[in-house]
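I opened this notebook to record what I looked up, entry by entry.

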Amino acid sequence: ATSAADMEQRLDCGLVKGHAYAVTDVRRVRLGHGLLAFFRSDKLTMIRMRNPWGQREWTGPWSDSSEEWKKVSTSEREKMGVTVEDDGEFWMTFDDFIANFTDLILCRLINTSYLSLHKTWEEAVMQGTWRRHDDPLLNRAGGCSNNKQTFLQNPQFVFDVKKTEDEVLICLQQKDRRASLKDGRGENLPIGFDIHRVELNRKYRMHAPQQKVGGSIYINSRSVFLRTDLPEGRYVVITTTFEPGLEGEFLLRIFTDVPSDCR
């Protein structure tokens, strides 16, 4: 979608413009029937997708009731779990996928359970708001580091790395703004964050630039993510929008091997 007016418009192919779909399976599908299919070396790469609405599916090639499925044996279709229902789930070829979708976000499942046999993470969760104010002491919408006069007015969060070196995962997520589409405020803000190393005895906000040790990209996505290795010390995460003066709510999550005492 190129504008708020384009969002959630249904296309002729059945897909909804500006909508997010989940990839639920990827298969290399053997075409043909019987022994002929078994000995064929060529396979078709296909992707199964799901509309979270539970309806409104792809109606192009390889949609639920399309003629293309006659090229696939019954046993192969059963292995794939092909159903002819308006349940929001559908198959399409990889070529159609790259022709109709512009962005792909990989989701990393982070284990925080103390009862797991696998690696677990300590999670710190902080909520915040970007709010503009004429008073610099109260302004919390300073924009990215390009805006040197206002950058340090953004929300700041202090956390500690207590091991000699620790793998740190940081995720910044903005509140879903699609409910504000009718007010012309439904598009995601370009967001990101910087990480600065500070003095071990620092308890409060930075008022002068410190040593920058990392940061995310800036993108108008629901969330931005960074994985980095940091040495032992105290750090400040500064969460920002790209341009100053933009307002919104956000959630910051920091994952470390041992508690980070984020505040």
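Entry 1. I first looked up where His19 sits, and I found its place in the segment before strand 1 (22–30). I worked throughout with a predicted model.

Entry 2. I consulted the UniProt record, an unreviewed entry, which places the feature "active site" at His19 and Asn51. The two positions span 33 residues in sequence, yet their C-alpha atoms are not more than 8.5 Å apart, so they gather at one spot.

Entry 3. I next located Asn51 in the loop between strand 2 (43–50) and helix 2 (74–80). Asn51 is buried, and its relative accessible area is 0%. Which residues does Asn51 touch, if I do not count those up to four places away in sequence? I noted His19, Tyr21, Arg56 and Gly88. For the pair in the record I also looked up the side chains: a polar contact of 2.8 Å joins those of Asn51 and His19.

Entry 4. I turned to Asp96, which lies in helix 3 (residues 94–100). Is Asp96 buried or exposed? I found that Asp96 is buried and yet has no salt bridge. The nearest side chain of opposite charge belongs to Lys71, 11 Å away; a salt bridge requires the charged atoms to be within 4 Å. Leaving aside neighbours within four places in sequence, I recorded that Asp96 is in contact with Trp58 and Pro61.

Note on methods:
Residues are numbered from 1 along each chain as its sequence is written. This is a predicted model: local features need pLDDT of at least 70, side-chain atom pairs count only at pLDDT 80 or more; totals for chains, interfaces and linings use all residues. Side-chain values use heavy atoms; hydrogens and water are left out. UniProt positions are given in the numbering used here, feature names are shortened, and annotations may be inferred rather than shown by experiment. Helices (H or I, at least four residues) and strands (E, at least two) are DSSP runs, numbered from the N terminus. Buried means under 20% relative accessible area, exposed over 50%, partly exposed in between (1.4 Å probe, protein chains only). Contact means heavy atoms within 4.5 Å. A polar contact is a pair of N or O atoms within 3.5 Å; within protein, one must be able to donate a hydrogen and the other to accept it, and residues adjacent in sequence count only if both atoms are side-chain atoms. Lys and Arg count as positive and Asp and Glu as negative; His and the chain ends are not counted.
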